[in-house]
Amino acid sequence: MNVVFICSGNEVTGFGHVSRCLNIAFALARLLPAGQIHFYGDYGHFSKQKIAQAGFTRIEGLPAGNLIGTLLIIDDYQINETSLKGYFNRGARLVIIDDFDQFAFECVDLIINFRFEAEKICQPTDKHLLGLGYLPVAPSFEQLRMQRLNNRSDNDIKSVLVFIGGTDRMNFAPTLLSCLDKVLHSKQIIWLTNQDVGLSLRNNQLTQVPYVDDMAELYSSVDLVFSGGGLSKYEAGFCLLPNAAASQTEQQQDDTYVLAENALSFDLGLIGEVDEEELICRLTVFFTPSVIEQQREAMANAYRSDSTAKLAEKIFYLL
């Protein structure tokens with residue numbers, strides 16, 4: 001049976017959907033030949049490059065006729081019930097990544113929502129795989145998590161990462177960097193961005209880094225992560241990296257709030273609704289050693305090192 005991931009990764013959607021689909025694809029490739037795994041969607045140069053480097057093929061479209069013998073894994077907020085029923089009627093098996101409980105349709109075989117406490121925002125069925133126990137991560141993240149579990153970090157912060165996401169919709173990163181420069185002193189601040197911005201800081205050293213092939217290598221070199229509220233706050237948490245999120249959408253803000261209530265992230269607020277003075281106050285609280293240590297303990301307990309393997313096994317049962 002062929003497996004086709006339907007997702008997009010471009011300037012509008014960012015790279016998050018492709019990233020988590022690649023993580024699932026890597027795990028499935030341990031269970032079946034990589035030549036049976038394909039990607040279909042609207043991809044920018046970076047996404048095309050990552051898919052090719054991973055050894056998977058991109059296809060230009062699905063067969064016009066029947067889809068018997070095809071498993072579709074769909075990670076697309078724009079998909080609708082009509083399209084899903086169309087795939088189902090042509091014989092496809094359907095797996096969908098559903099962050100916001102939108103796709104619990106009869107035609108879907110498996111529904112994945114790996115958000116923390118997803119069971120509280122969904123109406124669970126026997127088709128659902130819910131919670132951090134099914135979080136898809138890259139193999140390199142699994143290695144980094146084990147290293148950090150065996151060698152717990154102290155509270156001495158030397159380097160921090162700022163990664164608002166593939167799309168910084170409101171150009172928030174420069175504001176965050178300015179506020180960090182007022183709170184921190186003599187630290188290394190790494191800004192992951194493809195923007196060509198000649199920004200400098202007064203009190204800290206700033207390094208701009210373009211998008212990298214292996215985020216685990218970057219995560220291993222920093223002590224804290226500041227994200228835009230999307231997938232990266234989960235990746236950081238899995239890797240036992242204390243993190244704070246400035247959410248770009250209301251849905252992300254809702255998710256960040258729940259994580260923050262359980263010490264799995266720190267809430268910097270919704271971008272556009274928090275001013276610089278309030279942001280500086282929140283950053284000051286976040287840098288409190290007790291807050292950082294509480295996050296490390298919570299992340300060690302909440303995330304599961306075998307979550308990707310468990311997810312791949314559940315999908316494999318459908319083949």
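Is E117 buried, partly exposed or exposed? In this predicted model, E117 has a relative accessibility of 21% and therefore counts as partly exposed. The cut-off for burial is under 20% relative accessible area. E117 is found in the loop between β6 and β7. Its backbone carries a positive phi of about 55°, although E117 is not a glycine. The side chain of E117 forms a salt bridge with that of K120, at 3.4 Å from N to O. K120 is exposed, with a relative accessible area of 65%.

A positive phi also occurs at N171, again a residue other than glycine. The value there is near 50°. N171 sits in the loop between β8 and α5. With a relative accessibility of 43%, N171 counts as partly exposed.

Salt bridges were searched for across the whole structure, and twelve were found. One of them joins the side chains of R115 and D255, at 3.2 Å from N to O. R115 belongs to the loop between β6 (110-113) and β7 (128-130), and D255 to helix α8 (residues 250-261), so this pair ties together parts that are 140 residues apart in sequence. Both R115 and D255 are buried.

D255 also meets K233 in a salt bridge, at 3.4 Å from N to O. K233 lies in helix α7 (residues 231-238) and D255 in helix α8, so the pair links parts that are 22 residues apart in sequence. K233 is buried, as is D255.

The nonpolar interior was examined next. In soluble globular proteins, nonpolar side chains tend to be buried together. Here the largest nonpolar core holds 60 residues. Within that core, F5, L28, F39 and L161 touch the most other members. Helix α1 (residues 16-28) supplies the largest share of the core, with seven residues. Another core, of 29 residues, lies apart from the largest one. Its members include I157, F172, L184 and L224.

F39 illustrates the contacts made by a member of the largest core. Leaving aside residues up to four places away in sequence, F39 touches F5, C7, C21, L22, A25, I51, F56, T57, R58 and I59.

Helix packing was described for two pairs. The axes of α1 and helix α11 (residues 307-316) come within 9 Å and cross at roughly 70°. The two helices are therefore roughly perpendicular to each other. On the α1 side, the contact is made by N23, I24, A27 and L28. On the α11 side, T308, L311, A312, I315 and F316 take part. By class, the residues of this contact comprise seven nonpolar, two polar and no charged.

The second pair is helix α4 (residues 139-150) and α7. Their axes are 9 Å apart, and the helices pack at an angle of about 45°. The arrangement of α4 and α7 is therefore oblique. F141, E142 and R145 of α4 meet E235, G237 and F238 of α7. The residues of this contact divide into two nonpolar, one polar and three charged.

Helix α5 (residues 173-183) has A173, L176, L177, C179, L180 and D181 as its buried residues. Several elements surround this set in the list of packing partners. The strands that the buried residues of α5 pack against are β8 (159-163), β9 (188-192), β10 (205-209), β11 (224-227) and β13 (266-270). The helix α9 (276-286) is also a partner.

D181, placed in helix α5, is a charged residue among the buried ones. Its relative accessibility is 9%, so D181 counts as buried. Not counting residues up to four places away in sequence, D181 touches L201, R202, N203 and N204. D181 and K48 are 133 residues apart in sequence. In space, the C-alpha atoms of D181 and K48 are 35 Å apart.

Technical notes: Residues numbered from 1 in each chain as written. Predicted model: local features only at pLDDT ≥ 70, side-chain atom pairs only at ≥ 80, totals over all residues. Heavy atoms only, no water. Core = buried A, V, L, I, M, F, W, Y, C linked by side-chain atoms within 4.5 Å. Buried < 20%, exposed > 50% of the residue type's maximum accessible area, 1.4 Å probe, protein only. Helix = DSSP H or I, 4+ residues; strand = E, 2+ residues; numbered from the N terminus. Contact = heavy atoms within 4.5 Å. Salt bridge = Lys/Arg side-chain N within 4 Å of Asp/Glu carboxyl O. Axes fitted to C-alpha atoms, helices over the stretch in contact; angles between N-to-C directions. Parallel < 35°, antiparallel > 145°, perpendicular 65-115°, else oblique.
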